[in-house]
Amino acid sequence: MKMRADKTAFRIAALAAAVSAAFSSNVMAEEADEMTRLIKPESSVRLGIGSVDKGNARFGQYLGLQDSGVYGLADIDVVRRDDATGTWFKLRGRNLGLDRRELGLVYGPQGDWKLSLDYREIPRYSQYTINTGLQGIGSENLRVQSANKRDKVLETKREKVSLGFQKSIGDNWSARFRFTNEEKDGTRLFARGTSSGVGNANRWFNFLAEPIDSTITQWEALISYADPRFQLQGGYYGSHYSNHNTSLNITGGGVGFNGAGANTLSPIALAPSNEAHQFFVDGGYNFTPTTRASFKVAYTNATQTDAFVANPPGVLNTATTGNISGRTNLGGRVETTLAYLGLSSRPLPKLSLLGSLRYEDRDDKTPVVRYISTTPTGNHDGTNETRSFRTSQGKFEANYLVANGYRLVAGLDHDVKDRDTSDVRVVSHRDTTEETAWKIELRRAMSETANGSIAYVSSERTGSDFKVNYRFNGTPGRNVIAPIHLADRDREKIRLSADWTPIESLSLQANIEDSRDSYSSRADLGLGARRGSSKLYSLDATYNASSALSFNAWATHSDTQSKQATAFNAPEVVTLTAAQISALNIWSAGLINKTDAVGLGADLKLSEKLDVGADFEFSEDRAEYRLRPERGVTGAASLPDIKYRTATFRLFGRYALRKNAGIQLDLVHDRRVIDDWTWSTWVYNSPTAAGDGTTVGQDRTQTTTFVGLSGYYKWW
Amino acid sequence: MRKKPSGIRKWMLAALAGAALLGGAQAWAATESGEASKRKDVVQVGDAVCTRCHDEGEAKPILSIGKTPHGTMADKKAGTCTSCHGASPTHINKPSDVTERPEPGINFGKSSSTPIAERNQACLNCHQGGARMHWQSGPHAAADMECASCHRIHSQEDPVRDRATQPEVCFSCHKEQRALVNRQSHHPIKEGTVICADCHNPHGSAGPKLMARDSVVQTCYTCHMEKRGPFIRTHQPVTEDCTICHNPHGSNIDNLLKSRPPFLCQQCHEPSTHQGNIASTTFPANTTNNNTLARGCLNCHTQIHGTNNPLNVGNERTFRR
């Protein structure tokens with residue numbers, strides 16, 4: 001058993017206890033009177049220990065409870081208010097004994113100024129155990145080897161500190177400043193590979209671990225004006241990403257991987273540091289008590305000038321190997337302009353109107369330079385690709401009270417997106433897509449106890465002609481797929497919801513959603529996305545038998561399906577001939593995702609001193625992959641289903657030893673059953689001795705029990 | 001045998017009983033004579049007229065608002081009972097010609113007869129601006145939601161403002177998201193370390209889907225800034241909208257992918273040398289399994305969001321180094 005209640009946890013817990021003692025000293029000796037308990041802010045502290053019975057991968061992935069052992073449990077809320085000045089002091093700590101601890105401090109006289117300081121940790125433990133001989137994990141220098149294999153669980157941790165200050169200036173003005181610094185450290189699953197058929201000497205896959213050591217800083221400063229009619233704020237938002245690792249330098253794993261040859265996969269460039277600076281103004285004006293306009297304009301300048309990775313040993317900046325641009329960094333610059341206008345009005349007591357216009361222009365002004373050489377028949381021109389993107393959206397909605405509580409809602413949305421692209425491409429592109437959606441909805445407050453609505457939404461997406469993909473020398477490439485986010489699409493959606501309170505203590509809620517997508521393929525080839533559908537059924541019930549007994553239950557079923565097809569090695573032409581079409585070797589895939597989830601909960605006050613509660617959640621996800629050979633294809637067999645099943649039972653009991661103190665018992669029993677082939681047969685290998693043989697696995701059944709016992713104390 | 005009270009204790013008990021009787025009589029007299037204004041405010045400026053009835057023994061107790069910023073009397077802008085509920089003269093002094101006491105001028109909750117826009121305006125009178133600048137043109141306002149649908153004004157703990165409980169409040173309407181966060185690949189939403197408001201501004205936004213920043217990508221960059229680039233080679237959908245490939249609420253495929261490679265990649269990529277290969281889990285005696293098992297296409301194309309490697313020695317053009 002591993003002792004997880006480390007010194008840090010206990011130090012923080014001890015600090016929390018000391019702080020609570022300091023702030024409660026004047027009331028600990030005597031119990032607060034009833035009125036004080038009713039009207040004064042309540043402070044509390046909870047201290048205890050918890051135990052996890054066995055190591056687990058998924059239950060504790062983000063909870064910081066991934067290992068078996070004993071953990072410290074500590075929460076604190078110190079809330080003090082000086083009633084004479086309205087000055088608040090709030091100290092809030094959560095999970096102080098765990099790796100996901102949070103601590104927040106707020107201080108200041110309400111309505112005048114406020115200072116806040118937050119600290120938060122977000123851990124992530126990989127759900128997989130990796131058996132590998134890889135050396136240097138956590139650093140930029142890795143050595144691939146098959147010897148000395150051991151189990152590793154990769155993990156990352158974010159530590160975030162935020163400092164905020166705000167000040168009221170007179171009756172209408174205020175200023176606010178916020179600074180956030182987030183450090184992210186750890187390692188994550190990575191790899192390199194070069195694909196060819198089995199037996200080909202170039203078919204290698206190496207497991208790698210990407211070292212994470214980065215800092216995200218964000219600053220926001222704004223000044224605001226607000227009166228009952230007019231509000232305006234303007235400010236600056238800056239952000240900076242700094243990656244303290246620049247590249248992965250790999251040895252071992254095959255000479256061809258690391259040398260100066262055509263398949264060199266070392267060094268591997270890691271994400272470059274970058275920054276952005278935004279200036280913005282937004283505001284709103286009430287023309288009348290029933291008519292308002294709001295707006296926002298923003299300009300962002302984002303840059304990326306991180307130094308390029310160094311050449312591998314022996315590689316020169318020549319036309320065939322190195323960087324031929326003469327640049328040492330990209331000089332990346334993207335300017336983004338946003339303009340938003342919203343309008344809402346109630347011209348008649350029964351009629352509400354709202355509309356909005358939104359325009360966003362991401363203008364990639366990075367210099368376009370040739371970085372690598374290419375051949376006349378190459379399918380790229382060797383330059384960097386800029387990615388500009390512009391979207392213009394308009395929305396309008398009318399909401400009219402027809403009669404007898406019926407409301408009729410009608411809406412229209414229009415969305416135009418423009419994108420740029422390079423002259424030489426391998427993926428199909430159209431400059432513009434345009435989508436129009438309309439909706440009609442009928443809502444009714446049938447009575448004080450029942451409400452319902454039914455909505456129908458229909459949309460159609462079209463666009464400009466697809467551009468022809470060309471090779472560098474101007475000969476056509478392949479032109480058969482309409483990418484899913486660019487393809488013509490018809491979408492229909494229907495949504496029903498009902499709330500019913502048949503008796504005061506019982507409320508029921510039902511939702512049904514059904515949507516269907518139909519895609520048009522290029523030249524009616526039937527390749528790419530074909531259609532999709534999504535269904536959701538959900539039912540909720542809450543029963544409050546008395547102030548001492550309540551139950552809730554819910555169930556959800558969702559079913560998402562899509563159908564798509566592709567082909568082997570389509571001919572490189574602008575338009576396929578009839579003979580070429582009939583010669584296409586086509587296979588299709590029906591992808592199905594089904595989820596069933598239920599939840600049950602009960603809260604029971606057994607006596608003045610004893611509260612108990614329990615809840616149970618169960619969910620099952622099933623993914624199905626139905627492959628079908630359609631023409632000239634063999635071997636398109638459906639893949640096995642992937643299933644995840646989770647059942648979690650939680651129980652708590654709280655016994656009050658006195659009005660402001662007691663003990664709490666928490667029990668969590670979590671069971672997961674995993675049937676997933678993603679990694680089960682995969683071995684990082686090669687046909688040569690350079691294979692590293694790394695495997696990635698997870699336990700098929702994971703059962704975890706957590707028991708916690710803590711004491712709490714409240715004061716006012 | 002029970003001891004008799006001593007002389008001093010007897011006098012004290014008598015004095016306490018007398019004080020209680022006197023205090024009770026005075027309170028009764030004050031109420032009956034309509035002199036509520038002479039009562040002492042308890043939690044808000046001018047609340048005596050309300051708290052004379054709405055104490056903890058009444059069906060609608062209100063004293064707990066004293067624990068909140070709205071119950072901070074030193075802040076003259078903190079509001080009063082009537083600044084939210086209206087002057088409500090007939091509720092305070094029931095007219096003699098009606099049998100039931102009329103409701104306050106502005107009422108909240110499911111059974112309220114106050115138009116929703118009026119209910120929300122009671123809050124917006126002070127809270128318009130800032131993060132709520134675009135409330136009226138946002139989808140929650142359009143769906144006839146009131147502030148009190150999500151917020152508890154009278155209690156110290158407002159569940160929607162507590163990171164541990166906020167998702168449950170949102171899930172009371174957003175059922176699909178409730179199911180998705182249970183999937184094996186998810187943001188730690190149920191674990192309480194990432195919450196809905198980290199990505200969405202439910203009070204209205206200049207971005208789509210109530211994004212906290214101005215667009216989907218700018219919102220995702222606040223935590224995933226390494227994806228921002230720009231890069232020498234940038235994967236086009238990465239700059240447009242992360243949700244083309246990812247479902248941020250949950251997926252049963254690692255890394256929140258909407259579909260498993262190669263199917264996800266085949267939705268866009270032309271079938272060239274290997275892109276159209278059939279998905280297969282046969283290992284290792286199959287030439288195409290490396291597009292399906294493990295990370296699928298990403299077994300080789302590891303730098304899928306973009307690469308900043310300028311060298312011409314290893315297919316950085318295809319996001320491999």
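Predicted model: local features only at pLDDT ≥ 70, side-chain atom pairs only at ≥ 80, totals over all residues.
Residues are numbered from 1 along each chain as its sequence is written, chains are lettered from A in the order in which they are written, and side-chain values use heavy atoms, with hydrogens and water left out.

**View 1. Here is the annotated part of chain B.** Zoom in on residues 235-271 of chain B and you get 24% helix and 0% strand, with the end C-alpha atoms 18 Å apart.

**View 2. Now for chain B as a whole.** Chain B has 13 helices and two strands; these are DSSP runs numbered from the N terminus, with helices (H or I) of at least four residues and strands (E) of at least two. Of its 321 residues, 51% are buried, meaning under 20% relative accessible area (1.4 Å probe, protein chains only). Chain B exposes about 14700 Å², with 60% of that from carbon and sulfur atoms, by the Shrake-Rupley method with a 1.4 Å probe.

**View 3. Meet strand E2 of chain A and its partners.** Strands pair if DSSP finds at least two bridges between them. E2 (residues 43-52) runs antiparallel to E35 (residues 701-715) of chain A over 10 bridges, and Val52(A) has Phe706(A) as its bridge partner there. E2(A) also pairs with E3 (residues 69-82) of chain A, again antiparallel, over nine bridges; Arg46(A) is bridged to Asp75(A) in E3(A).

How values were computed: Buried < 20%, exposed > 50% of the residue type's maximum accessible area, 1.4 Å probe, protein only.
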